[in-house]
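This briefing concerns the protein chain displayed below.

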Amino acid sequence: MPKVAATQPTLADRIARDIQSGVYGPGAWLKQIDLQERYGAKRLDVRRALDHLAGKRVISHIPNRGYHVYVPDPELRDQIRDIRVILETGAAVDLIPHVTTAKLRALRTLAERFADMLDDGTLMEQYEVNLAFHAALYDMCANRELVALIHEMRGRSPSAPSAEWVTRSRVEQSAREHFEIVDAVEAGDLKRLQKIITVHIRQDIS
């Protein structure tokens, strides 16, 4: 597959990178005036970037107070992971009978795109493709209520850029796991698919 053309990082991506690298730690307040000075950006552009990151769950917005980096809650995180394992391994049972050649091809294309973006994509682009990959996977399910629950539980966790993509090796592992998921789906191997999904969630990259 051809390489994805390199993309200039947006302001939102630059802020997300700084959160990922620890410039802004858990609980840190993101003051707009400070961000304007750090990134040489206009106030409106900073506000738009913060709203975008809040929408992606990279940061939290508290009305009348401002924006801050999420503070991890280990107990809540573990509980959500347990629920996700139950839901998503259960969904594997439902999706395998509904795999089509077209859907499988689309899933593999997203896995390839994510892998290509390890070198050429921005953090937020990687995040968007990662979300698209998992949405395409569970879109194969016939039980739409189950799919809605999966998306709801994913939405209750801080996003990967702020919480889990702390090393390149971990993102590379996620890319490998995407291909393993595709291969298991293509083979119709339920047990293998459930095992990979469990590992993927337990390491919470998805």
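Of the 206 residues in the protein chain, 44% count as buried. The model is a predicted one, with a mean pLDDT of 87 for the protein chain. Its accessible surface amounts to about 10,500 Å², and carbon and sulfur atoms account for 52% of that area.

**Confidence**

- A pLDDT of 70 or more is reached by 88% of the residues of the protein chain.
- Residues 1-6 have a pLDDT below 50, and this stretch makes 11 contacts in the model beyond near neighbours in sequence.
- Where pLDDT is low, predicted coordinates should not be read in detail.

**Secondary structure and contact pattern**

- The protein chain contains 10 helices and three strands.
- Read from the N terminus, the order of elements is α-β-α-α-β-β-α-α-α-α-α-α-α.
- Of the contacts between residues at least 6 apart in sequence, 74% join residues at least 24 apart.

**Packing of α6 against α7**

- Helix α6 spans residues 123-138 and helix α7 spans residues 144-154; their axes lie 10 Å apart, at an angle of about 155°.
- The two helices, α6 and α7, are therefore roughly antiparallel to each other, since an angle over 145 degrees counts as such.
- The crossing of α6 over α7 is right-handed.
- On the α6 side, the meeting residues are Asn-130, Leu-131, His-134, Ala-135 and Tyr-138. Their counterparts in α7 are Arg-144, Val-147, Ile-150, His-151 and Arg-154.

**Packing of α4 against α7**

- Helix α4, residues 74-95, crosses α7 at roughly 155°, and the two axes come within 10 Å.
- This angle makes α4 roughly antiparallel to α7.
- Helix α4 passes α7 in a left-handed crossing.
- From α4, the contact involves Ile-80, Ile-83, Arg-84, Leu-87, Glu-88, Gly-90 and Ala-91. From α7, it involves Leu-146, Leu-149, Ile-150, Met-153 and Arg-154.
- Ile-150 and Arg-154 of α7 are among the residues that meet α6 and also take part in the contact with α4.

- Val-46 belongs to helix α3, which covers residues 43-55.
- The relative accessible area of Val-46 is 0%, so this residue is buried; the cut-off for that class is under 20%.
- Leaving aside residues up to four places away in sequence, Val-46 touches Leu-11, Gln-32, Leu-35, Gln-36 and Ala-41.
- Asp-34 is 12 residues from Val-46 along the chain, and their C-alpha atoms are separated by 9.9 Å.

Methods
Residues are numbered from 1 along each chain as its sequence is written. This is a predicted model: local features need pLDDT of at least 70, side-chain atom pairs count only at pLDDT 80 or more; totals for chains, interfaces and linings use all residues. Side-chain values use heavy atoms; hydrogens and water are left out. pLDDT is the predictor's confidence in each residue, from 0 to 100. Contact means heavy atoms within 4.5 Å. Helices (H or I, at least four residues) and strands (E, at least two) are DSSP runs, numbered from the N terminus. Buried means under 20% relative accessible area, exposed over 50%, partly exposed in between (1.4 Å probe, protein chains only). Accessible areas come from the Shrake-Rupley method with a 1.4 Å probe; for residues, only the protein chains shown count as cover. Axes are lines fitted to C-alpha atoms, for helices over the stretch in contact, and angles run from 0 to 180 degrees between N-to-C directions. Angles under 35 degrees count as roughly parallel, over 145 as roughly antiparallel, 65 to 115 as roughly perpendicular and the rest as oblique. A crossing is left-handed if the near helix is turned anticlockwise from the far one by less than a right angle, and right-handed if clockwise.
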